[in-house]
Amino acid sequence: MPRSAYDLSREELAALLTDEPAYRTRQVWDGLHTRALRPAEMTDLPLALRQRLDEQLPAALGEADRRTADGGDTVKWLWDLHDGRRVETVLMAYPDRVTVCVSTQAGCAMACAFCATGQMGFDRHLTTGEIVEQVVAAVRAAKPRRVSNVVFMGMGEPLANYDRMWAAVERIHADLGISARHLTVSTVGLVPGIRRLAGESLPVNLAVSLHAANDALRDRLVPMNRRYPLGVLAETCAAYVAATGRRLSVEWALIEGTNDRPSDMAELARFARPLGAHVNLIPLNPTPGYPVRGSSPVRVAQARDELERLGVNATVRSTRGAEIDAACGQLAVRTVVGTPRVR
Ligand code: SAH
């Protein structure tokens with residue numbers, strides 16, 4: 001039994017439909033992807049087939065909780081997986097775009113100090129179907145609007161689950177019809193993964209969660225820096241930009257007194273400017289395991305201005321969904337069924 005209908009290849013789907021007319025495979029595939037339907041909703045199929053497929057192509061994501069904020073424009077789901085693991089997905093509707101933020105792992109092994117997912121540790125990789133199904137759920141919920149952007153910025157490190165993550169990218173592009181320009185993979189800076197990404201035929205956007213531009217501080221905030229320090233990370237990012245023509249973005253969570261001083265902005269500018277990177281400043285969102293505060297709104301605005309003066313494009317990222325723990329770095333759930341972290 002597959003974990004998700006979206007874990008099946010087209011050939012595997014065809015194998016379920018050998019006693020049916022040949023056009024069925026295409027009909028069901030389009031139903032699942034283009035129309036984002038559950039088999040039970042495919043009313044153009046004979047009833048018996050619909051029922052059989054509903055059993056053979058189960059949903060991998062059981063809705064354990066759904067919360068909304070920002071007047072309904074932000075939706076966070078908590079999903080139950082078949083083995084009792086839980087992950088979250090966030091849908092954000094803006095006037096000009098609809099973005100879904102997907103998880104790629106249950107938990108995360110990167111152990112960034114300030115990140116709620118990092119604080120919970122690693123459980124397991126998500127399958128391709130479990131990743132794609134998050135997008136499909138968002139597509140269903142967003143109707144009549146279209147999901148325009150997918151960011152791999154939920155729970156987990158996408159480049160640590162490379163094969164499944166990349167198969168999801170290809171499926172989202174080819175079958176859900178979201179262009180590569182509108183897909184963004186975010187990483188703590190796994191250099192071998194970035195190199196691999198640079199060689200793919202679909203050029204997706206790359207975001208690097210930098211947070212510090214000197215090795216001593218970054219070693220503490222983002223432990224993976226000890227393995228792939230800033231020098232090799234910068235070189236690898238430059239090669240990515242050269243190979244794909246995509247603009248790099250740099251994520252920077254502003255932490256009061258830690259990485260928000262003018263000297264920190266000067267270091268950031270020295271990293272970002274030669275790469276032509278766009279900087280997203282995010283005031284640090286509170287998490288239970290990290291007692292330090294985010295920078296004040298005034299300091300955030302100053303930091304942006306300092307970067308602009310240093311010749312770096314920077315925007316302040318709106319913190320959607322903070323009141324439902326759906327903002328950057330706040331995704332964390334217990335993994336035992338029946339004990340969601342609902343407050
Ligand atoms: N592991 C990948 C994908 C997760 S993206 C990565 O790190 O890029 C989640 C983003 O939120 C990352 O940029 C992460 O650094 C940032 N983040 C984590 N904790 C945060 C917090 N408490 N406040 C603001 N941003 C945070």
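Where is Pro 144 found? Pro 144 sits in the loop between H5 and strand E7 (149-152), where helices (H or I, at least four residues) and strands (E, at least two) are DSSP runs numbered from the N terminus.

## Basis of the model

This is a predicted model, in which local features need pLDDT of at least 70 and side-chain atom pairs count only at pLDDT 80 or more, while totals for chains, interfaces and linings use all residues. Residues are numbered from 1 along each chain as its sequence is written, and side-chain values use heavy atoms, with hydrogens and water left out.

## Backbone features in two loops

Most residues other than glycine have a negative phi, and most peptide bonds are trans. The peptide bond from Lys 143 to Pro 144, however, is cis, with omega near 10°. Asp 70, placed in the loop between E1 and E2, has a positive phi of about 50° although it is not a glycine.

## Surroundings of the ligand

The ligand has 21 residues around it, and Phe 114, Ser 186, Ser 209, His 211 and Asn 285 come nearest; a residue is counted if one of its heavy atoms lies within 4 Å of the ligand. By class, this shell holds 10 nonpolar, nine polar and two charged residues, where Ala, Val, Leu, Ile, Met, Phe, Trp, Tyr, Cys and Pro count as nonpolar, Asp, Glu, Lys and Arg as charged, and the others, Gly among them, as polar.

A nitrogen atom of the ligand lies 2.9 Å from a polar backbone atom of Asn 285, and a polar side-chain atom of Glu 157 is 3.1 Å from a ligand nitrogen atom. The protein covers 95% of the 540 Å² of accessible area that the ligand has on its own, as computed by the Shrake-Rupley method with a 1.4 Å probe.

## The second largest pocket

The second largest pocket is lined by 15 residues, with Arg 38, Trp 79, Glu 133, Ala 137 and Arg 140 nearest its centre; a pocket is an open set of points on a 1 Å grid where a 1.4 Å probe fits, with protein on both sides within 12 Å along at least five of seven lines, and lining residues have an atom within 4 Å of a point. Helix H5 (128-142) is one of the elements that supply at least two residues of this lining, and H5 gives the most, with five residues.

Ten nonpolar, no polar and five charged residues make up the lining. Because domain 1 (5-56) and domain 2 (62-324) both give residues to the lining, the pocket lies between them, the bounds coming from an automatic or database domain assignment.

Definitions and conventions
Polar contact = N/O pair within 3.5 Å; in protein donor to acceptor, adjacent residues only side chain to side chain.
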